[in-house]
Amino acid sequence: MAARGSRTLGLVGLEVAIVLENGQLTQVARAGFGLDPTAELVPMGSGNINRGVRFVAGDTMFVLQELNEIAFRDPDALMGNATAVCDRLAELNIPTVRFVRNVEGGWLVDLDGVPWRCYEHIEGDTSPAMVTSEEAQSTARMFGRYAAAIASLELAEHVPGYHDFDLRIDSFEGAVANDPLGRVGLAGETIEASVRIVDRLRLASSYAAWAELPRRNAHNDAKAPNCVVGADGTRTIIDLDTTMPGTILADIGELVRSATRALDDRRPESIMAQIEAVNRGFLAGFDGELTDTESAAMLLAGPLLTAENAVRFL
């Protein structure tokens with residue numbers, strides 16, 4: 001075992017190709033985090049970015065999770081943000097993630113160049129989408145409360161341009177032009193539809209205001225699956241990895257997308273009711289004034305974030 005820097009503990013001699021085998025990760029839990037699993041480690045459902053396992057040590061269930069360094073190039077900055085956020089939420093008695101320090105006092109364990117972290121598992125339910133106005137308003141209120149709580153923190157922008165719409169579109173257009181994987185021919189109609197949608201968004205009267213939004217700390221991935229609802233109704237915001245400076249309208253936009261994507265009733269008035277529930281809930285939780293620029297761009301948040309996600313994952 002060797003330390004690497006002040007924050008990351010190093011474990012050497014383990015093959016990255018087999019890091020998800022129970023024996024290897026048991027060693028990470030024991031030697032890295034000082035926890036002794038009392039049962040087999042259970043793989044968790046894989047998310048878009050990170051992978052991990054659950055295990056029990058003593059009377060507590062923990063999660064051991066790999067940080068994807070392709071998506072997150074600065075794990076130390078990420079964890080600096082996440083732990084600062086958790087400390088602030090705890091000070092305000094807002095439910096939050098509880099990370100576990102490694103045996104040397106840092107937050108990460110390096111397994112042959114791959115960083116792993118550990119935190120207490122949060123019991124509760126998550127939903128892939130919000131299908132009622134009540135769900136949309138309650139979830140949005142919690143994200144608004146989260147944004148208000150972290151507003152004064154000095155956080156690092158460890159993924160520059162994460163919700164920079166023009167940068168995402170430039171990347172999309174470059175991928176289409178270069179076609180590195182030979183997929184353009186298979187997705188021609190979808191690409192053309194995406195281009196038309198982007199062009200329409202850029203013609204919106206509030207589009208210019210979007211480029212002038214004030215920078216505020218935001219979760220940046222505010223959606224239903226990232227809000228755990230406990231048996232008593234307590235809501236806990238999770239997946240803090242993208243919390244950093246940006247715009248809170250990105251959170252509102254992601255919530256609108258999450259609140260409207262699974263509606264069975266696609267009538268405009270039903271969609272608008274969900275959007276209004278999100279806006280009402282977020283602003284109630286945020287309990288602060290939006291600037292004139294933010295107010296002017298607010299209705300564009302949902303369509304813009306939906307389009308951004310579409311071209312990002314196309």
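Is Asp179 buried, partly exposed or exposed? In this predicted model, Asp179 has a relative accessibility of 27%. Asp179 therefore counts as partly exposed, since buried means under 20% and exposed means over 50%. The residue sits in the loop between α4 and α5. Its backbone also stands out: Asp179 is not a glycine, yet its phi is positive, at about 45 degrees.

A positive phi occurs at Asn93 as well, again in a residue other than glycine. Here the angle is near 60 degrees. Asn93 belongs to the loop between α2 and β6. With a relative accessible area of 68%, Asn93 is exposed.

Charged residues were examined next. Side chains of opposite charge can pair when their charged atoms come close. Across the whole structure, 12 salt bridges were found. One of them joins Glu91 to Arg88, with 3.5 Å between the closest N and O atoms. Both residues belong to helix α2, which spans residues 75-91. They are 3 residues apart, so about one helical turn separates them. Glu91 is exposed, at a relative accessible area of 58%.

A salt bridge also links Asp221 and Lys223. The closest N and O atoms are 3.5 Å apart. Both partners in this pair are buried.

Arg267 and Glu269 form a further salt bridge through their side chains, at 3.5 Å from N to O. Arg267 is partly exposed, with 46% relative accessibility. Glu269 is partly exposed too, with a relative accessible area of 48%. The pair is part of a network of salt bridges that takes in Asp265 along with Arg267 and Glu269.

Negative charge also gathers on the surface. Asp164, Asp170, Glu173 and Asp199 make up a negatively charged patch there. Patch members must have over 30% relative accessible area and no salt bridge. Asp164 has a relative accessible area of 34% and is partly exposed. This residue lies in the loop between α3 (133-149) and α4 (165-178).

Asn226 is placed in the loop between β8 (216-218) and β9 (227-229). Its relative accessibility is 5%, so Asn226 counts as buried. Leaving aside residues up to four places away in sequence, Asn226 touches Phe143, His219, Asp221, Thr236, Ile237, Ile238 and Asp239. Among these contacts is Asp221, the salt-bridge partner of Lys223.

Val198 lies in helix α5, which covers residues 188-202. At 4% relative accessibility, Val198 is buried. With residues up to four places away in sequence set aside, Val198 touches Phe165 and Ile169. Val198 and Pro268 are 70 residues apart in sequence, and their C-alpha atoms are 20 Å apart in space.

Asp112 is partly exposed, at 33% relative accessibility. Asp112 and Ala175 are 63 residues apart in sequence. In space, 32 Å lies between their C-alpha atoms.

Notes. Residues are numbered from 1 along each chain as its sequence is written. This is a predicted model: local features need pLDDT of at least 70, side-chain atom pairs count only at pLDDT 80 or more; totals for chains, interfaces and linings use all residues. Side-chain values use heavy atoms; hydrogens and water are left out. Patches are made of residues with over 30% relative accessible area and no salt bridge: like charges are joined within 9 Å, nonpolar side chains (Val, Leu, Ile, Met, Phe, Trp, Tyr) within 5 Å. Accessible areas come from the Shrake-Rupley method with a 1.4 Å probe; for residues, only the protein chains shown count as cover. A salt bridge is a side-chain nitrogen of Lys or Arg within 4 Å of a carboxyl oxygen of Asp or Glu. Lys and Arg count as positive and Asp and Glu as negative; His and the chain ends are not counted. The place of a charge is taken as NZ of Lys, CZ of Arg, CG of Asp or CD of Glu. Helices (H or I, at least four residues) and strands (E, at least two) are DSSP runs, numbered from the N terminus. Buried means under 20% relative accessible area, exposed over 50%, partly exposed in between (1.4 Å probe, protein chains only). Contact means heavy atoms within 4.5 Å.
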